[in-house]
Amino acid sequence: MTDYNFAYLDEQTKRMIRRAILKGLAIPGYQVPFASREMPMPYGWGTGGVQVSAAVLCPEDTLKVIDQGADDTTNAVSIRRFFERTAQIAVTTATADATVIQTRHRIPEEPLRDGQILVYQVPIPEPLRFLEPRESETRKMHALEEYGLMHVKLYEDISRHGHIATAYAYPVKVADRYVMDPSPIPKFDNPKMEMAAIQLFGAGREQRIYALPPFTRVVSLDFEDHPFVASKADHPCGLCGAQDSYLDEVIVDDAGGRMFVCSDTDYCAGRQVDGHRGRDNKEDAA
Amino acid sequence: MYVAVKGGERAIDNAHAWLAEERRGDPAVPELSTAQIREQMTLTVNRVMAEGSLYDPDLAALAIKQARGDLIEAIFLIRAYRTTLPRFGSSLPVDTGAMACDRRISATFKDLPGGQVLGPTFDYTHRLLDFMLAADGDVPVAPKMPVDPAPVPHVMSFLNSEGLIAQETCDGTPAPDLTRAPLELPAARALRLQALTRGDEGFVLGMAYSTQRGYARNHAFVGELRIGSVPVEMEIPELGFSIEIGEITLTECETVNQFTGSKTEPAQFTRGYGLVFGQTERKAISMALVDRALRWEELGEDDQGAPAQDAEFVLYHCDNIQATGFLEHIKLPHYVDFQSELELVRKLRRDAGAVDRQEAAE
Amino acid sequence: MDNAALQGGFIDPARDAARAFRAGMEAMACPGTIQTLNGCVAPAPMSVAAATLLATLCDAETPLHLAGTCDTDMVRDWVRFHLGAPLVGRSDAMFAVGDWDALSPLDAYAVGTPDYPDRSATLIVEVVALTNEGATLTGPGIAQTAKLSLPGGLLAARVVRYPLGIDFYFTCGDRIAALPRTTKGAH
């Protein structure tokens, strides 16, 4: 890439995105419309997250990019390379060393700290979208704090299944006002959203940005007699033995044999370096 | 023993190398040049310019070559490039009345000033595969006639002078720019037309076709279809006057639709409008039909619930770059979301099984 | 146009504006914290922090209101040259800058609409001192409480019918703090 501006976007576009981010932080959970630009990767593949990252990155930053919790999935690789080329910033796979983390569909297991920024890629920012397809209607619902449709849906789940049948992109109420879609993170990750870092959400194709300042109150929707449970598979990680991390199910042989491993590859690798071993990991510490 | 999957970077590099080979195809076959695409596949170039919202036949030809002929991929390349270009300002509205028409037809009048000029059209060809084209050969020179310098007035001006057609007035409001501000509803007509001109031809065609088949009752007549070149002018503040910065080819279609009328307004014809880069007829006519369907509210008609009347539905789904991006994103890993669904389904089945066993025991 | 109006922009616009934005974002995300913000210089009496914040966020798309002593020919020239922001009255302003007395009262500034609460003004209040003393703040971005010196009368004047509301920055020399509409304050 030659002759592109630092972090690719032109300054006018960055200013527009920055203004949207500031209003997003002032109104946590509210979806700020922004004039999303065509980026060199397709809509739906993280352009919102990329635009937000491009607007916040400084030359001094260290960037981590993950997809499904892993640094090495193809789209995370592609986005990380994009920023290496256009911003020449340092990159890392270590959560603790990153200042900006762009993520698709997971929050890292390691608690984030003051000074870090988590940028989420969001496909459908509107939590009510599958209950009401029209933007003209959902905008009114948010304006009037009219979330009856959502409560009815959750209650119907309980009547039909005995449980709320939402496993990811589990809706939350932010600062006691806006219902927000946390992006398709597993509901297991929802409690992590009350954190010390700044969280920014970018939906490029849908043209929305939203944000959570640190320590913002984020409550997963539930009922008194059916409280929210941040559940995961009832197994430890086969490689590092972790009991408290979200797991990927891997099929290991033709007979359908399965193994569960940490979705967060950096977390798992770090635990193994520290000497932790899971049942399926017979290698001795190096 | 299971080892975490690695090698994403190498996989991507190898994929790109193979893609380059496939793009070239058999090296024994001469390479396609962008000039050949520009000259001999003009209608593809036109579509890429129209939906890419960028008038540059050479860039469009390059995009088509790079995209191996996948037009939506080519449009994407053009759109991404367009985003990086600096903006100096807006042109003055082009005067299609001053168009040097290569093609100009009207279905509403048998004859009219300026005449019916067929131009280079497929319309009356017999769709028989011409195997002579498989061999290269010389094309005979088409017969010529001097151009009549007389102006070619818009047909609508005749209907206008009788007061038969609803007037289109310009209130001076600057036109919005869909590429610089997020789409908001309700969308004014200018914004809808922008979305339609850069919308996917197939989608807009399907929507237009639906209006002809009763999904929004409206018979459209092609009042005028004209194709040709127009000058583009821009005001230069430093100079204090406008200059011509170039010439572009446009296709313009004005449709005449059923007349409406009320207690206070006499019956009149109403319009649909289409305007597209290049010779891009099917799109321009489709655009005019969908434009008319979307005008139901301001014309006091009923909402019949037809898809083409639903501005939100049409405008949110006509952009093929957004559409293909989101469609194709389902190829990306979704195993984390899937995992949580797996757990949920297993849980629900377990609990249902427990209820069944309990009921059987009772 | 005076030379002062032509000078004082970012030396390395893309990188310097990026750093400046981070300071501005930290301030808004963590109300009550005081950040260092510099990189631009505007004609007096505008502070370095206010000038830099404007240069980071404003351009031809952001109507700007200059209030009180900030509204001089030199500052106007600087704005025109460096930002290109249209200069407007209070009710049309997306951004406004000046000291508290000049910006008051708040009635005329946009507070957003129920459908679009983001369409509200951001006020940059130039203050004589900026310290972590005075009002006690709570809300999103604040772990327990924070303390920040605020202009007298601001909390009373600031009517917040959440989610509508004005968002504030406070600038003093090269230092900046913020008060988004979500922050509750008490003296």
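Tutor: Two residues count as in contact when their C-beta atoms, placed from the backbone, lie within 7 Å. This is a predicted model, in which local features need pLDDT of at least 70 and side-chain atom pairs count only at pLDDT 80 or more, while totals for chains, interfaces and linings use all residues. Residues are numbered from 1 along each chain as its sequence is written, and chains are lettered from A and ligands numbered from 1 in the order in which they are written.

Student: By that rule, how many residues of chain B are in contact with chain A?

Tutor: There are 39 residues of chain B in contact with 48 residues of chain A. On the side of chain B that touches chain A, at least two residues each come from α1 (8-24), α5 (71-84), α11 (320-328) and α12 (335-361) of chain B, and α12(B) gives the most, with 11 residues. These helices are DSSP runs of H or I with at least four residues, strands being runs of E with at least two, and both are numbered from the N terminus.

Student: What makes up that side of chain B, in nonpolar, polar and charged residues?

Tutor: The side of chain B that touches chain A divides into 20 nonpolar, eight polar and 11 charged residues, where Ala, Val, Leu, Ile, Met, Phe, Trp, Tyr, Cys and Pro count as nonpolar, Asp, Glu, Lys and Arg as charged, and the others, Gly among them, as polar.

Student: What is the corresponding picture for chain C and chain A?

Tutor: Here 30 residues of chain C are in contact with 31 residues of chain A. The elements of chain C that give two or more residues to this side are α2 (13-29) and α3 (48-57), with α2(C) giving the most, 11 residues. The residues on this side of chain C divide into 18 nonpolar, three polar and nine charged. Of the two pairs of chains in contact, chains A and B share the most contacts, whereas chains B and C do not touch, their nearest C-alpha atoms being 10 Å apart.

Student: Why are α2(C) and α3(C) called roughly perpendicular?

Tutor: Their axes come within 9 Å and cross at roughly 110°. Angles of 65 to 115 degrees count as roughly perpendicular, under 35 as roughly parallel, over 145 as roughly antiparallel and the rest as oblique, and α2(C) and α3(C) are therefore roughly perpendicular to each other. Their contact is made by Ala17(C), Ala20(C), Phe21(C) and Gly24(C) of α2(C) with Thr52(C), Leu53(C), Ala55(C) and Thr56(C) of α3(C), a group of five nonpolar, three polar and no charged residues.

Student: How do you know how compact chain A is for a protein of its length?

Tutor: Chain A has six helices and 12 strands. Its radius of gyration, taken over C-alpha atoms, is set against the globule rule, 2.2 Å times the number of residues to the power 0.38. The value of 20 Å is close to the 19 Å that the rule gives for 286 residues, so chain A is as compact as a globular protein of that length. Along the principal axes, the C-alpha atoms of chain A fill a box of roughly 60 × 55 × 35 Å.

Conventions
Axes fitted to C-alpha atoms, helices over the stretch in contact; angles between N-to-C directions.
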